[in-house]
Amino acid sequence: MTLALPRSDPDQSPLCIRGLTVSYGEQPVVFSVDMTVQDGAMTAIIGPNGAGKSTLLKAALNIVRPLSGRITVYGQPLAEQAQRIAYVPQRASVDWDFPTEVLDVVLMGLYRDLGLLGRVRGHHIRHAKDCLDRVGMEDFAARQIGQLSGGQQQRVFLARALAQRADLYLLDEPFAGVDAATERAIIDVLKSLRAEGKTVVAVHHDLSTVRAYFDNVFLINRRKMGEGPISTAFTPETVQATYGGRLADGQITQLTQDA
Amino acid sequence: MGAEFVMLSLAPLLIGIFAAVACALPGNFLLLRRQSLIGDAISHVVLPGIIVAFLLTGRIAAWPMMLGAAGAALVAVVLIETIRRLGRVDSGAAMGVIFTAMFAAGVLLLEQSDTASVHLDVEHALYGNLESLIWLDGMGWASLLDPVALRGLPPELPRMALTLGVVALCTWIFWRPLKMATFDEGFARTMGIPVQLLSLGLVITAAIAAVAAFDAVGSIIVIAMFICPPATARMMTNRLAAQIWWSVAFAVLSAILGYVLAGYGPLWFGGSNAVSAAGMIATVSGLMLSAAALIGPHRKG
């Protein structure tokens with residue numbers, strides 16, 4: 001089965017990062033990070049606030065420009081494989097008062113098919129509605145996005161990513177501030193993607209659910225602090241090392257207890 | 001009535017409508033991107049451009065001044081985008097810095113050069129001179145079919161019509177990426193949309209509309225039309241396409257109502273003189289915004 005594949009074959013990896021450094025000024029936010037994502041698995045990126053988790057994803061997608069580093073997607077340069085990646089940004093990164101409807105947001109995931117002036121046809125709409133169905137939002141297609149709850153917003157974003165029919169899914173904090181039902185719905189969809197042989201990478205903040213949701217972890221605190229299957233890489237020692245130092249004592253105790 | 005209308009009111013009315021719509025279209029996206037102030041910014045930064053154009057050509061003429069204004073607007077737009085991206089500051093702050101600095105530079109230039117002696121009419125720049133754009137050759141509706149009479153149309157009319165055409169075409173072609181990049185820039189980038197270029201293109205389009213409209217109708221209308229019709233339209237609907245159409249309707253309505261009220265309003269109330277059409281058009285658009293803020297179906301909170 002897929003989990004038994006050799007983990008670090010960069011030519012096969014859906015996302016392979018080498019020597020990535022990103023800086024927003026003087027201080028590097030991500031420093032000299034290597035990452036090799038395993039094909040067909042679910043990987044959690046974990047680390048304390050400000051450790052560069054989101055920045056790592058954004059740099060991998062060339063949303064922020066890295067100072068240095070090489071990124072390959074399925075063994076090819078990012079630019080040639082960009083259509084195989086679906087990105088789910090942080091829910092809070094957009095203005096939900098934007099005048100548009102749920103179905104319209106999902107259709108944005110079809111931009112590569114539609115292009116500048118391509119007409120939205122029946123099969124596009126059916127596909128978008130299927131994606132909404134998968135996240136349990138089929139009844140909300142005509143709803144204005146400003147009327148959605150946080151969890152519903154997150155599901156719409158996931159549906160938009162599904163519409164892209166990608167092979168690699170990169171999610172930034174998909175479980176942040178969502179209700180339990182949404183968390184359940186999202187993890188079910190992500191696991192169904194894995195069952196289809198897709199690869200999922202998610203920035204994750206809840207250490208207590210890492211074991212239940214993911215196959216692999218990638219620990220980061222500006223530098224890479226660990227990488228591998230949960231059983232070997234997600235230990236009290238590695239978590240302690242990742243969260244230690246930069247946080248107050250109370251927070252360290254709390255976080256390691258959660259682990 | 002027909003002949004008098006064609007000669008005195010047709011051209012100003014059309015120019016007013018074209019200018020209002022050309023500014024309102026990009027205004028919709030600027031509003032959603034919280035960059036509405038760009039109209040205000042451009043109206044200030046064109047001053048140094050106009051003066052430089054005068055210094056280079058030594059005369060007050062429409063084309064050099066428009067080119068100077070457009071050049072200054074482009075420089076300002078690029079500087080604003082650069083400061084916003086590199087300095088990571090709010091776009092309002094970036095605009096504030098650039099438009100005050102460039103306006104101040106314009107004032108210094110004006111003071112240090114001979115231009116101070118030339119009468120650069122502030123009133124003209126601010127309020128425009130819509131009422132003066134009359135069509136002396138327009139002897140009636142039949143003149144619309146007369147090539148000789150058409151040649152006598154004020155040059156602002158074809159200029160503004162062309163500008164509106166370009167703005168509308170750009171809005172139509174780049175509709176989908178503009179919407180996506182305005183809603184979710186990071187995602188749009190992962191879909192291969194050149195968001196920075198698009199954002200630059202939007203403000204450049206806005207600058208072109210603004211400069212063409214300044215020349216024809218003055219800066220008051222430009223500033224008002226960038227903000228009021230889109231903001232009013234936003235409170236009428238929750239769909240972007242509908243918002244655009246509402247904003248066009250409000251822009252057209254402001255131009256017509258404003259022009260008519262300025263010409264005839266004071267007479268109805270016993271006054272003897274007409275008031276500035278540009279001022280009245282801007283006022284009407286502001287009143288529409290207030291009405292929508294009170295009773296619009298989709299206003300916030």
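Searching the whole structure turns up nine aromatic pairs over all chains; rings of Phe, Tyr and Trp (its six-membered ring) pair if their centres lie within 6.5 Å, with planes under 30 degrees apart called stacked, over 60 edge-to-face and the rest tilted. One of them is the edge-to-face pair of A:Phe157 and B:Phe183, at 6.4 Å centre to centre and 75° between the planes. This pair joins two chains, because A:Phe157 sits in helix H6 of chain A and B:Phe183 in helix H8 (residues 175–183) of chain B. Helices here are DSSP runs (H or I, at least four residues), numbered from the N terminus. Both A:Phe157 and B:Phe183 are buried, where buried means under 20% relative accessible area, exposed over 50% and partly exposed in between (1.4 Å probe, protein chains only).

Now for a tilted pair: B:Phe5 and B:Trp141, 5.8 Å centre to centre with 35° between the planes. Here distant parts of the chain are linked, 136 residues apart: B:Phe5 is in helix H1 (residues 2–32) of chain B, and B:Trp141 is in the loop between helix H5 (122–127) and helix H6 (147–151) of chain B. B:Phe5 has 22% relative accessibility, so it counts as partly exposed.

Back to A:Phe157 and B:Phe183: ring pairs link them with A:Trp96 and A:Phe98 into a cluster.

And the surface? A:Asp139 is in the loop between helix H5 (122–134) and helix H6 (150–163) of chain A, and it counts as exposed because its relative accessibility is 67%.

A word on the basis: this is a predicted model, where local features need pLDDT of at least 70 and side-chain atom pairs count only at pLDDT 80 or more, while totals for chains, interfaces and linings use all residues. Residues are numbered from 1 along each chain as its sequence is written, chains are lettered from A and ligands numbered from 1 in the order in which they are written, and side-chain values use heavy atoms, leaving out hydrogens and water.
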